[in-house]
Amino acid sequence: YFTSKGVVRALDGVSFDLYPGATLGIVGESGCGKSVTARSILGIVDRPGRIVGGEIRYRRQAPGGAADPVVDLAKLQPNGSEMRAIRGAEIALIFQEPMSSFSPVHTIGSQIVEVIMLHQQISRGEARGKAIEILRRVGVSSPEQRVDQLSNQLSGGLRQRAMIAMALSCHPTLLIADEPTTALDVTTQTQILELLRQLQREDGMAIMLITHDLGVVAEMATDVAVMYLGRVVEQAPVDQIFHAPRHPYTQALLRSIPRMRSRSRERLTPIAGAVPHPYDRPSGCPFHPRCPEFMAGRCDKEEPILRPVGDKHAVSCFLYP
Ligand code: ADP
Ligand code: MG
């Protein structure tokens with residue numbers, strides 16, 4: 001972000017892989033760059049931000065099921081025809097605020113119809129039929145009536161279902177869900193997560209699930225990337241993140257959540273300190289000022305990079321040489 005106060009590197013050194021049918025949980029405290037990661041993939045980074053380097057390699061899927069060559073999304077024009085063909089159709093986004101993703105003055109049906117007609121050569125009538133079908137599929141009851149309602153006539157849970165319907169209307173191969181259940185009560189949250197799991201089983205899409213809630217990650221993710229200050233500090237299959245976390249930040253995150261079956265009345269341990277502002281990013285490892293394993297002269301001087309520490313397990317920390 002090229003701001004008047006200087007350059008903010010919201011993301012620098014983010015690297016992860018995501019496979020068809022898998023769910024990658026992206027976790028980290030607020031401000032660590034989860035949403036900017038999602039927006040970068042879709043080419044919708046807000047001004048004054050832009051992508052200055054790196055690669056986002058995405059394998060396109062041809063209609064017949066054959067895989068097309070890999071495209072580097074970071075090199076595409078954000079508003080060019082290829083990115084517009086991918087965004088919303090092959091890669092779809094749902095986020096926390098369904099209120100702001102729907103226009104208040106158009107019916108939800110007409111907005112889903114717009115998305116379908118943007119990417120598919122079909123008539124408005126056919127698109128409306130598809131919109132009703134997809135609303136039914138995501139569990140909206142009486143979709144024939146709901147389709148003609150405004151978003152503010154729906155409950156929070158129904159609005160979130162309608163947003164998922166809009167995202168899925170073009171059968172994406174990658175669904176990016178940015179804090180999709182944060183604004184919902186726990187019962188609705190469970191229903192929405194179950195819905196996403198079911199849709200994934202049926203369609204085989206990859207899901208990138210962004211959340212600060214490790215409970216959601218434990219339930220949903222096959223793999224996890226832990227972010228801190230604009231970097232991935234650890235990536236591993238979900239059971240390794242929970243049972244053999246390596247990075248002190250991951251370990252601290254896990255100590256800060258309640259456990260249902262803990263034997264004693266353990267106290268939760270908050271992570272000391274606060275996330276520094278990206279304007280004054282610490283030297284060396286960005287986590288060093290808060291790290292219980294801090295090694296003076298090393299962690300504040302050199303920048304660790306993400307290195308393999310096991311099968312599919314990588315960590316960015318000098319404790320693991
Ligand atoms: P998260 O989703 O993990 O809470 P974000 O991805 O929204 O965090 O933001 C990461 C960082 O990117 C922020 O801490 C901020 O420094 C920077 N950032 C995001 N949007 C802007 C912007 N419009 N202008 C300047 N910096 C921004
Ligand atoms: Mg965010």
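The model is predicted, with local features needing pLDDT of at least 70 and side-chain atom pairs counting only at pLDDT 80 or more, while totals for chains, interfaces and linings use all residues. Residues are numbered from 1 along each chain as its sequence is written, chains are lettered from A and ligands numbered from 1 in the order in which they are written, and side-chain values use heavy atoms, with hydrogens and water left out.

**Helix packing**

Helices (H or I, at least four residues) and strands (E, at least two) are DSSP runs, numbered from the N terminus. Axes are lines fitted to C-alpha atoms, for helices over the stretch in contact, and angles run from 0 to 180 degrees between N-to-C directions. The table gives the helix pairs.

| Pair | Angle | Axis separation |
|---|---|---|
| α4 (residues 108-119) and α5 (residues 124-137) | about 115° | 9 Å |
| α4 and α7 (residues 156-168) | about 20° | 9 Å |
| α7 and α8 (residues 186-203) | about 20° | 10 Å |

Angles under 35 degrees count as roughly parallel, over 145 as roughly antiparallel, 65 to 115 as roughly perpendicular and the rest as oblique. A crossing is left-handed if the near helix is turned anticlockwise from the far one by less than a right angle, and right-handed if clockwise. Contact means heavy atoms within 4.5 Å. For residue classes, Ala, Val, Leu, Ile, Met, Phe, Trp, Tyr, Cys and Pro count as nonpolar, Asp, Glu, Lys and Arg as charged, and the others, Gly among them, as polar.

With α4 and α5 packed at about 115°, α4 is roughly perpendicular to α5, and the crossing is right-handed. On the α4 side the contact includes Ile108, Ile112 and Glu114, which meet α5 residues including Arg124, Ala127 and Leu135. The contact of α4 with α5 comprises 9 nonpolar, 1 polar and 4 charged residues.

The angle between α4 and α7 is about 20°, which makes α4 roughly parallel to α7. α4 passes α7 in a right-handed crossing. Ile108, Gln111, Ile112 and Val115 of α4 make this contact with Ala162, Ala165 and Met166 of α7. It has 6 nonpolar residues, 1 polar residue and no charged residues.

α7 also packs with α8, at about 20°, and the two are therefore roughly parallel to each other. Their crossing is right-handed. Among the residues in contact are Gln160, Arg161 and Ile164 of α7 and Gln191, Leu195 and Leu199 of α8. By class, the contact of α7 with α8 has 6 nonpolar, 4 polar and 1 charged.

**Ligand 1**

Residues surrounding ligand 1 (a heavy atom within 4 Å) are Tyr1, Val8, Ala10, Glu29, Ser30, Gly31, Cys32, Gly33, Lys34, Ser35, Val36 and Pro278. A polar side-chain atom of Tyr1 is 3.4 Å from a nitrogen atom of the ligand. Oxygen atoms of ligand 1 take part in two further pairs: one lies 3.3 Å from a polar backbone atom of Cys32, and one lies 3.1 Å from a backbone N or O atom of Gly33.

**Backbone features**

The Arg47 to Pro48 peptide bond is cis, with omega near 5°. Pro48 sits in the loop between α1 (34-42) and β4 (57-61). Ser142, although not a glycine, has a positive phi of about 40°; this residue is in the loop between α5 and α6 (143-146).

Note on methods:
Polar contact = N/O pair within 3.5 Å; in protein donor to acceptor, adjacent residues only side chain to side chain.
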